[in-house]
Amino acid sequence: MEGLDYRLGGCCSPLPGEAILGTVALGNHGITVHRQDCSNVVAIPSERRLPVRWNPALVTRSQRFPAQLRIEVIDRVGILKDILMRLSDGRINVSDARVKTSHGKPARIDLRLELASAEQLQRTMHQIRSMADVIDIARSSGT
């Protein structure tokens, strides 16, 4: 519906190409768009849920949407640089990066990326997963 206020849920950061669901926000906050598999939707009464879909005419190639990744890696010098180079080669911007290390344990890298679509996210995750020293990669909520 044109003119209806909406925002993308920060809890699940939906990307074009993913199945989405709208929820009527309390007060005058319009509609919040979530991924259908978002854990926060479960707590929202069904009468406040609306079917929504991406409008391909409004989603442009130049638009970018946030997505959060959590990567578990073998802790070694240069692993973050190697991941960032892979992202840079794919012309993917990183808007936030955090690394947590503990002696003798795998390191955890949290990245906030700017992506165009769910397809680009899957391709990116596959490329990172195939790198040496990457133990696991998953989409996260950013918390």
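This is a predicted model: local features need pLDDT of at least 70, side-chain atom pairs count only at pLDDT 80 or more; totals for chains, interfaces and linings use all residues.
## Getting started

Two strands pair if DSSP finds at least two bridges between them. Helices (H or I, at least four residues) and strands (E, at least two) are DSSP runs, numbered from the N terminus. Residues are numbered from 1 along each chain as its sequence is written, and side-chain values use heavy atoms, with hydrogens and water left out.

## The whole chain

The protein chain holds two helices and eight strands. Following the sequence, their pattern reads β-β-β-β-β-α-β-β-α-β. The C-alpha trace spans about 50 × 30 × 20 Å along its principal axes.

How much of the chain is buried? Of its 143 residues, 35% count as buried; buried means under 20% relative accessible area, exposed means over 50%, and partly exposed lies in between (1.4 Å probe, protein chains only). A contact means heavy atoms within 4.5 Å. Among the contacts with a separation of 6 or more, 64% come from residues 24 or more positions apart.

## The antiparallel sheet

Strands of a sheet pair through backbone hydrogen bonds, either parallel or antiparallel. Here, four strands form an open sheet in the order β6-β7-β5-β8, and the pairing is antiparallel. At the edges are β6 (93–100) and β8 (134–140), each pairing on one side only. On average, neighbouring strands of this sheet are turned by 20 degrees against each other, direction ignored. For such angles, axes are lines fitted to C-alpha atoms, for helices over the stretch in contact, and angles run from 0 to 180 degrees between N-to-C directions.

Let's walk across the sheet. Seven bridges link β6 with β7 (residues 107–115), and Lys100 has Arg108 in β7 as its bridge partner. Nine bridges link β5 with β7, with Ile71 standing opposite Ile109 in β7. Between β5 and β8 there are six bridges, and Leu69 stands opposite Arg139 in β8.

Helix α2 (residues 118–129) lies across β5, β7 and β8, running at about 160 degrees to β8.

## A look at Asn93

Asn93 belongs to strand β6. Is Asn93 buried, partly exposed or exposed? With a relative accessible area of 40%, Asn93 is partly exposed. Leaving out residues up to four places away in sequence, Asn93 touches Arg112, Leu113 and Glu114. Asn93 and Glu114 are 21 residues apart along the chain, yet their C-alpha atoms are separated by 5.5 Å.

## The mixed sheet

Another open sheet of four strands has the order β1-β3-β2-β4, with mixed pairing. Why is one side of β1 and of β4 left without a neighbour in the sheet? β1 (6–8) and β4 stand at the edges with a single partner strand each, so one side of each has no neighbour there. Neighbouring strands of this sheet are turned by 35 degrees against each other on average, direction ignored.

β1 and β3 (residues 31–35) run parallel and are joined by three bridges; Tyr6 has Ile31 in β3 as its bridge partner. Thr23 sits in strand β2 (residues 20–24). Thr23 is buried, with a relative accessible area of 3%. Not counting residues up to four places away in sequence, Thr23 touches Gly30, Ile31, Thr32, His34, Ile44, Arg48 and Arg49.

## An aromatic pair

Rings of Phe, Tyr and Trp (its six-membered ring) pair if their centres lie within 6.5 Å; planes under 30 degrees apart count as stacked, over 60 as edge-to-face and the rest as tilted. By this rule there is one aromatic pair. The ring centres of Trp54 and Phe65 are 5.8 Å apart and their planes stand at 75 degrees, so the pair is edge-to-face. Trp54 lies in the loop between β4 (49–51) and β5, and Phe65 in strand β5, so the pair ties together parts that are eleven residues apart in sequence. Both Trp54 and Phe65 are buried.
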